Amino acid sequence: ALVQANFSQLEKWDPNETLRIESDHVAMTREAAGRGARLVVWSESSVPLSITKSPGYEQRLTELTRQTGADLVVGTVAYENRSGEQTPFNSVVLVRPGSGVTGRYDKMRLVPFGEYVPLKSYLFFLEPLVHEASDFQPGDLD
């Protein structure tokens with residue numbers, strides 16, 4: 001099953017809406033699993049939480065898969081400590097019943113000006129316009 005709740009961009013990035021957005025996705029996942037779905041996929045960046053920085057998010061997803069019996073694929077921002085800095089990746093994770101997060105893929109081909117700023121040292125004036133999305137790093141084959 002594919003799950004995509006209907007939220008505007010303003011709602012999506014409003015911290016007061018995060019719980020509602022997550023709750024709607026959970027409810028839709030439960031409904032899909034109740035109808036027989038064994039794999040549920042949430043759209044890219046559908047819930048504005050990070051699998052690596054949002055306390056309890058991974059545990060809630062793991063519990064959801066345990067309760068429904070369905071695997072879950074979720075788009076998220078994942079952070080890794082690289083050279084003493086938190087480096088963001090536009091990622092997708094697989095969450096499995098009884099196992100939790102069993103895999104992660106970091107997007108390798110990023111969208112210019114949406115996920116990174118090409119020639120950032122020359123186009124520094126664009127930073128305020130695309131600050132949050134401009135820092136993603138591409139994944140690699142390792």
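## The second largest pocket

The second largest pocket is lined by Gln4, Ala5, Phe7, Gln9, Lys12, Ile21, His25, Ser43, Glu44, Ser45 and Ser46. A pocket is an open set of points on a 1 Å grid over the protein atoms alone, with protein on both sides within 12 Å along at least five of seven lines, and lining residues have an atom within 4 Å of a point. This is a predicted model, in which local features need pLDDT of at least 70 and side-chain atom pairs count only at pLDDT 80 or more, while totals for chains, interfaces and linings use all residues. Residues are numbered from 1 along each chain as its sequence is written, and side-chain values use heavy atoms, with hydrogens and water left out.

The volume of this pocket is about 170 Å³. Its lining comprises 3 nonpolar, 6 polar and 2 charged residues. Helix H1 (9-12) and helix H2 (18-34) each contribute at least two of the lining residues.

## Overall fold

The protein chain has 4 helices and 5 strands, where helices (H or I, at least four residues) and strands (E, at least two) are DSSP runs numbered from the N terminus. Their order from the N terminus is β-α-α-β-α-β-β-β-α. Of the 142 residues, 37% count as buried; buried means under 20% relative accessible area, exposed over 50%, and partly exposed in between (1.4 Å probe, protein chains only).

## Salt bridges

The whole structure holds 10 salt bridges, each being a side-chain nitrogen of Lys or Arg within 4 Å of a carboxyl oxygen of Asp or Glu. In one of them, arginine 66 pairs with glutamate 63, with the closest N and O atoms 2.5 Å apart. These two residues are separated by about one helical turn, because they lie 3 residues apart in helix H3 (residues 57-68). Glutamate 63 is partly exposed, at 31% relative accessibility.

Glutamate 80 and arginine 82 form another salt bridge, at 3.0 Å from N to O. Glutamate 80 has a relative accessible area of 26% and arginine 82 one of 38%, so both count as partly exposed. Aspartate 106 and arginine 104 also meet in a salt bridge, at 2.8 Å from N to O. Aspartate 106 is buried at 15% relative accessibility, whereas arginine 104 is partly exposed at 34%. Through shared partners, salt bridges join Glu80, Arg82, Arg104 and Asp106 into one network.

## A nonpolar surface patch

Tyr105, Met108 and Leu141 make a nonpolar surface patch of about 340 Å². Patches consist of residues with over 30% relative accessible area and no salt bridge, nonpolar side chains being joined within 5 Å. Methionine 108 lies in the loop between strand S5 (100-106) and helix H4 (127-130), and is partly exposed at 32% relative accessibility.

Conventions. Patches are made of residues with over 30% relative accessible area and no salt bridge: like charges are joined within 9 Å, nonpolar side chains (Val, Leu, Ile, Met, Phe, Trp, Tyr) within 5 Å. Accessible areas come from the Shrake-Rupley method with a 1.4 Å probe; for residues, only the protein chains shown count as cover. On a 1 Å grid over the protein atoms alone, a cavity is a set of points where a 1.4 Å probe fits but cannot get out, and a pocket is an open set with protein on both sides within 12 Å along at least five of seven lines; lining residues have an atom within 4 Å of a point. Grid points are joined across faces, edges and corners, and a volume is the space filled by probe spheres set on the points. Ala, Val, Leu, Ile, Met, Phe, Trp, Tyr, Cys and Pro count as nonpolar, Asp, Glu, Lys and Arg as charged, and the others, Gly among them, as polar.
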